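I opened the notebook on this entry today. These are my notes on what I looked up.

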Amino acid sequence: MINVIGLGYIGLPTALMMSTHGVEIIGTDYNKELVATLNAGHTTFKEAGLDELFQDALKSGIRFTTEYQVTDTYIVSVPTPYDKFSKKVDACYVIAAVKDVLKVAPKGATIVIESTVSPGTIEKFVKPEIEAAGFVIGEDINLVHAPERIIPGNMVYELLHNNRTIGADDKAIGEKVKELYSSFCQGEIVVTDIKTAEMTKVVENTFRAVNIAFANELAKICRHDNMDVYEIIKICNMHPRVNILQPGPGVGGHCISVDPWFLVGDYPSLTNVINESMKTNDSMPDYVLNRIYEIMKEKGMTDISRVGLYGLTYKENVDDMRESPTLQLLESQERHLATGLKVYDPYIKKDVVANQYHDLSDFLNAVDFVVIMVKHNEIKMNMDQLTDKIVLDCHNIIDLPNVYHL
Ligand code: SAJ
């Protein structure tokens, strides 16, 4: 039996996937409300295919509880935020989960950490906890790092098909855990050591952050000299060895906007490109706010309450708002002691910010100027409703004349 600790965006789908592939699973989370929701037969977030997977896992016998189980294998998938001041990874949730596991784990148990951590975190912070509890690593407790790679919006497919990395300092244990993940994973599974696995995960997300920053910087250069960044990227990408990403209103989510900071925090004098890239991405919500101001001035608009932000989530077609550029923009607006921007997102049913709408038509009736912050399919399908609006399209998806861009 496997005890999956942490039933959030990664732990829940992973637990469900294993359960539907013949592995006996008990999911544990300290959040009583979350466990109650799952036990009442409901998932806790929206994701394509998740509800079906959940129902299948229930039939396969998955159970959810707040209690840690006595078993031989634990998978820890709890959040790893970064410390806003030092930029270093904050492994407090991982450490707390491991400590709780150690209270019940029998000798010989394996703890697999899925949470993203910076290179050396397991050595520096997790191993000492295990030793302090009186266990000998490699004899009493085996440690493995198995970072996930699934993308919100396509999690179920990617869980099945992505290649994976297993980090274990004891090769035989690595192979054993590889076998466990092979129960459902159809991709290639590479076994390496723990520190290499930690680094690969952070590097993958850093690669993307740096490349998005490059696209964002190009958007700024092109705006400055009145060039079409999208046309330029399109042409450049016809070169066989060039593949530029797309500029946007900022980078959100819990991965690409967070993980690269771990490297900046740990290697401050060696991370110039990464540091500048993160600052470039973080500057985008403010840049959009400035574009709104410029366009309002050009159009002779003075009433900010006639401007609406379309989209609150960190990216399209998900209900996840973590580190969302829209929230960053609203915070920046407040810091400038201004308020009044209207907001709407089809995926956010609860009131989370001021002046939030829950119906597209009501929202559009209330504004003259729409800023496309997120490219949800809904707005692509309702483009005709924007013909009489001023539009700032931060994703180049609205095919109408008179649309402004980043
Ligand atoms: N974005 C751009 N321009 C682009 C692509 C993305 O501005 O060309 C923005 C998006 O709008 C969004 C952010 O970047 O705000 C991140 O979105 P994403 O869809 O690229 O990635 P995430 O954060 O949802 O998921 C990433 C994935 N990592 C990589 O692609 C290297 C995923 O595979 C990881 O599992 C996940 O992080 C994670 O958990 O680490």
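Predicted model: local features only at pLDDT ≥ 70, side-chain atom pairs only at ≥ 80, totals over all residues.

**Ligand**

I went to the ligand and applied that cut-off. An oxygen atom of the ligand sits 2.9 Å from an N or O atom in the Glu148 side chain. I found 2.7 Å for the side chain of Lys201, again from a ligand oxygen to an N or O atom. For the Arg208 side chain I noted 2.9 Å between such atoms. On its own it has 770 Å² of accessible area, and the protein covers 86% of that. I listed the surroundings next. There are 19 residues around the ligand, and Arg149, Lys201, Asn205, Cys255 and Tyr314 are the closest.

**Domains**

I looked up the domain assignment. It gives domain 1 as 2–192 and domain 2 as 204–405. Their C-alpha centres are 33 Å apart.

**Interface**

I asked how much area the two domains bury between them. I got about 1600 Å², with 55% of it on carbon and sulfur atoms. On the domain 1 side, Tyr9, Tyr82 and Lys87 lose the most area to domain 2, together 32% of what that side buries. In contacts, 19 residues of domain 1 meet 17 residues of domain 2.

I searched for charged and polar pairs. The rule finds 2 salt bridges across the interface and 4 residue pairs in polar contact. The domain 1 side that touches domain 2 has 10 nonpolar, 5 polar and 4 charged residues. I also wrote down a salt bridge between the side chains of Asp266 and Lys88, at 3.8 Å from N to O.

Terms used
Residues numbered from 1 in each chain as written. Heavy atoms only, no water. Domains from an automatic or database assignment. Contact = heavy atoms within 4.5 Å. Buried area = accessible area lost by both parts, 1.4 Å probe. Salt bridge = Lys/Arg side-chain N within 4 Å of Asp/Glu carboxyl O. Polar contact = N/O pair within 3.5 Å; in protein donor to acceptor, adjacent residues only side chain to side chain. Nonpolar A, V, L, I, M, F, W, Y, C, P; charged D, E, K, R; others polar. Near = heavy atom within 4 Å. Areas by Shrake-Rupley, 256 points an atom, 1.4 Å probe, with all protein chains shown as cover.
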